[in-house]
Amino acid sequence: MTPIPPPEPRNAAGRTRRVGVEIEFAGLPPRDTAELVQRLFGGEIVTVSAHRLKVHQSRWGDFIIELDTQYAHPDDAVLSTGPKDDTEWERQRHQMRVDFHTRTRELIGDVVTGLVPTEIICPPVPWDELDALDALFEALRGHGAKGTDASLLYGFGLHLNPEVPRLEVATLLAHLRAYLLTAEWLREQIDIDITREVLPHANPFPKPYALKVLDPAYAPDVDTLIGDYLEYNPTRNRELDMFPLFACLRQDYPHPLFTHRLVKPRPTFHYRLPNAQLSEPGWGSVVEWNRWVEVERLAADPQRLAERATAFVVKHTRSPIIRWLRKLRGWMGET
């Protein structure tokens with residue numbers, strides 16, 4: 001399958017826009033997964049810790065492969081804290097603490113392997129090379145990796161991180177509006193797994209927030225856009241997580257989520273909605289990218305975007321009596 005070109009294929013610097021891809025799955029531990037990545041895309045396997053590996057300097061950069069739980073990995077805060085003083089006894093005590101902590105986390109990882117997913121965090125890939133990346137999905141499938149629909153216990157997802165075309169607030173607002181208008185269609189196309197519907201990781205935006213953003217009179221600056229988002233969405237658990245992008249724009253913004261260790265500032269939309277459909281031959285990053293491009297096409301069409309936004313606001317602010325009368329007229333017209 002060929003990636004569909006977005007309306008703006010290049011970023012503000014004139015370079016081909018890139019897409020970060022993250023995939024969760026079961027059935028293949030991190031070491032085996034890293035070896036698979038290396039065979040496909042080259043690079044050198046580096047062991048960061050027992051259950052976190054890196055494939056360094058691959059075709060596109062560094063892949064990170066790890067068990068998707070923080071408790072299987074040593075805590076950087078523990079590793080980076082030095083001895084309390086420079087005595088031999090204190091240095092030995094410190095090393096014993098580090099060794100005990102590292103070994104404990106390794107044992108936790110050993111126990112939960114097979115119970116928590118393996119995650120691959122891919123380096124940013126040019127959008128027009130995503131079909132080459134999809135060789136990884138075929139290989140995972142061939143080596144027994146299990147996706148979302150393999151079990152009711154699997155709430156696995158695929159995340160796309162499309163690089164924004166430009167960082168201007170008008171561009172960001174257009175894409176956010178386009179996403180709000182396209183979200184229902186995306187959910188229908190993807191057929192969101194029931195387990196992922198129950199879990200909070202990719203919740204839809206609340207309707208009051210959608211109405212605010214889609215109001216034709218809404219014309220925020222960057223800080224207002226961020227402030228309104230925080231007011232209605234004080235969580236990362238949204239189908240389109242804007243925190244990495246906002247943290248890139250305003251790293252000093254006074255909110256704890258902007259300094260959370262899991263929020264990595266980057267100039268991308270963090271699109272969390274798709275399932276990990278590894279049981280479907282032909283499924284991969286290109287399928288989900290091509291769906292995402294519908295959001296970008298709408299964002300790039302100001303007239304259609306404005307018309308659909310106005311229609312959404314009118315539909316969802318009309319009084320219940322008027323809605324009932326319209327339905328009644330529709331029924332009468334059918335008889």
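Tutor: Let's start with a definition: two residues are in contact when they have heavy atoms within 4.5 Å. Keep in mind that this model is predicted.

Student: What do the buried residues of H8 pack against?

Tutor: By that contact rule, they pack against H5, H7, strand S8 (240–241) and helix H9 (243–249). The buried residues themselves are Val222, Leu225, Ile226, Asp228, Tyr229 and Leu230.

Student: And which residues are buried in H7?

Tutor: In H7, which spans residues 207–214, they are Tyr209, Ala210, Leu211, Val213 and Leu214. Their cover includes helix H5 (169–190), helix H8 (222–232) and helix H11 (302–317).

Student: Why is serine 49 called buried?

Tutor: Set the value against the cut-off: buried means under 20% relative accessible area. Serine 49 has 11% relative accessibility, so it counts as buried. This serine sits in strand S2, and it touches His73 and Pro74, leaving aside residues up to four places away in sequence.

Student: What makes S2 and S3 a pair of strands, and how do they run?

Tutor: Pairing needs at least two bridges, and five bridges join S2 (residues 44–49) to S3 (residues 52–56). We conclude that they pair, and they run antiparallel. For one of the bridges, look at glutamate 44, whose partner in S3 is histidine 56. With two residues between them, S2 and S3 form a hairpin.

Student: What does leucine 133 touch?

Tutor: Not counting residues up to four places away in sequence, leucine 133 touches Val21, Phe41, Trp60, Phe63, Cys122, Val125 and Ser285.

Student: Which residues have the most contacts inside the largest nonpolar core?

Tutor: They are Phe63, Leu133 and Tyr179, in a core of 85 residues. The largest share of this core, 11 residues, comes from H5.

Terms used:
Residues are numbered from 1 along each chain as its sequence is written. This is a predicted model: local features need pLDDT of at least 70, side-chain atom pairs count only at pLDDT 80 or more; totals for chains, interfaces and linings use all residues. Side-chain values use heavy atoms; hydrogens and water are left out. Helices (H or I, at least four residues) and strands (E, at least two) are DSSP runs, numbered from the N terminus. Buried means under 20% relative accessible area, exposed over 50%, partly exposed in between (1.4 Å probe, protein chains only). A nonpolar core is a set of buried Ala, Val, Leu, Ile, Met, Phe, Trp, Tyr and Cys residues joined through side-chain atoms within 4.5 Å.
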